[in-house]
Amino acid sequence: MLQKATYSDLAGKTVFITGGGSGIGAALTEAFVLQGSKVAFVDIAEEPSRALVERLERETGRAPLFMPCDIRDVAALQAAIARAGEELGDIGVLLNNAANDQRHKPEDVTVEYWDDRMAINIRPMFFAIQAVVPQMKRLGGGSIVNFGSVSWMIPQGGMPAYTTAKSAVQGLTRGLARDYGPFRIRLNMLVPGWVMTERQLTLWVTPEGEAEIDRNQCIKDRVMPEDIADMALFLGSDASSKCTSQEFIVDGGWI
Ligand SMILES: NC(=O)c1ccc[n+]([C@@H]2O[C@H](COP(=O)([O-])OP(=O)(O)OC[C@H]3O[C@@H](n4cnc5c(N)ncnc54)[C@H](O)[C@@H]3O)[C@@H](O)[C@H]2O)c1
């Protein structure tokens, strides 16, 4: 990956990423490893996660700590955060990235399905923050980046439980930014547009989808996972030390 910027304060910092094994998460893991951060990540997908760890160790000599974990299991998620802190040092950056954007028709949604979408897409954000805050307080501050989505802003239909959860990221971020600001713990939203991950390319990027991108984005280049990682590096580093409670959209100007 082309290294576009170096943030010296990120070297040696412990960074915890949810869903860091594939998609945008893999680009985040790689970008922070290249900055010299000590990266720990959880993911449910073991094969791509292990392959990523092996590749990064081969290419950089630095292996991120991968912990298999279903983030719907709050106790397991919080235990992974505790372990990362013990093994790598207190966590200074938390990237709440993992989500699942499976499409669903409103009429098909059951109570169980609704609860499951919340358990993947919003609940772990709060409980990861709850677990990481004592570590950040010990460090004298920290940066928490919660991943939103333009899907509910556009607005896009066809997945009401996902869009509901993603819109809630705003309330979660802004409320907690007030609570934790006095401890120099910053919370921001990173809002990706339509990012060309393998999953998107396989499942949703049809010729019609390509035409939609050309029509709606001001910048016609495709938004890539690395573009999102660039913003995450800025938000994770002290370069953004006075930014909190904000929304940073990386969507090529989708209008
Ligand atoms: N790709 C896009 O176009 C796009 C657009 C808007 C927002 N986003 C947001 O960006 C973030 C990353 O999206 P992505 O496209 O890389 O998604 P993705 O589905 O490609 O990857 C998500 C990662 O999270 C992991 N994961 C999913 N459920 C999990 C669980 N229960 N426990 C542990 N790990 C789990 C997956 O295995 C995967 O590695 C998400 O928050 C998503 O909502 C993405």
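Predicted model: local features only at pLDDT ≥ 70, side-chain atom pairs only at ≥ 80, totals over all residues.
Student: How are two packed helices described?
Tutor: By the angle between their axes and the distance between the axes.

Student: What are the angle and axis distance for α1 and α2 here?
Tutor: Helix α1 covers residues 24-34 and helix α2 covers residues 46-60. They pack at about 25°, and their axes are 11 Å apart.

Student: Is that parallel or antiparallel?
Tutor: Angles under 35 degrees count as roughly parallel. α1 and α2 are therefore roughly parallel to each other. Their crossing is right-handed.

Student: Which residues meet between α1 and α2?
Tutor: From α1, take Ala-26, Thr-29, Glu-30, Val-33 and Leu-34. They meet Leu-52, Arg-55, Leu-56 and Thr-60 of α2.

Student: Next, aromatic rings. How many aromatic pairs are there?
Tutor: Ring centres must lie within 6.5 Å to pair. The count by this rule is three aromatic pairs. One of them joins Phe-234 and Phe-248. Their centres are 6.5 Å apart, with 70° between the planes. Planes over 60 degrees apart count as edge-to-face, so this pair is edge-to-face.

Student: Which parts does the pair of Phe-234 and Phe-248 tie together?
Tutor: Phe-234 is in helix α9, residues 225-236, and Phe-248 is in strand β7, residues 247-250. The pair therefore ties together parts 14 residues apart in sequence.

Student: Which charged residues sit over rings?
Tutor: Look at two cases. Arg-103 lies over the face of Trp-204, 4.0 Å from the ring centre. Lys-137 has its charged end over the ring of Phe-183, at 4.2 Å from the centre.

Student: Now a helix and its cover. Which residues of α4 are buried?
Tutor: Helix α4 spans residues 111-121. Its buried residues are Tyr-113, Arg-117, Met-118, Ala-119, Ile-120 and Asn-121.

Student: What covers the buried residues of α4?
Tutor: The cover includes α5 (123-139) and α6 (160-180).

Student: Last, a loop residue. Where does Thr-197 lie?
Tutor: Thr-197 is in the loop between β6 (185-192) and α7 (198-203).

Student: Why does Thr-197 count as buried?
Tutor: Because its relative accessibility is 9%, and the cut-off is under 20%.

Student: What is Thr-197 in contact with, leaving aside neighbours within four places in sequence?
Tutor: Thr-197 is in contact with Gly-23, Ile-24 and Pro-225.

Notes:
Residues numbered from 1 in each chain as written. Heavy atoms only, no water. Helix = DSSP H or I, 4+ residues; strand = E, 2+ residues; numbered from the N terminus. Buried < 20%, exposed > 50% of the residue type's maximum accessible area, 1.4 Å probe, protein only. Contact = heavy atoms within 4.5 Å. Phe/Tyr/Trp six-rings, centres within 6.5 Å; stacked < 30°, edge-to-face > 60°. Lys NZ or Arg CZ within 6 Å of the ring centre and 35° of its normal. Axes fitted to C-alpha atoms, helices over the stretch in contact; angles between N-to-C directions. Parallel < 35°, antiparallel > 145°, perpendicular 65-115°, else oblique. Left-handed = near helix turned anticlockwise from the far one by under 90°.
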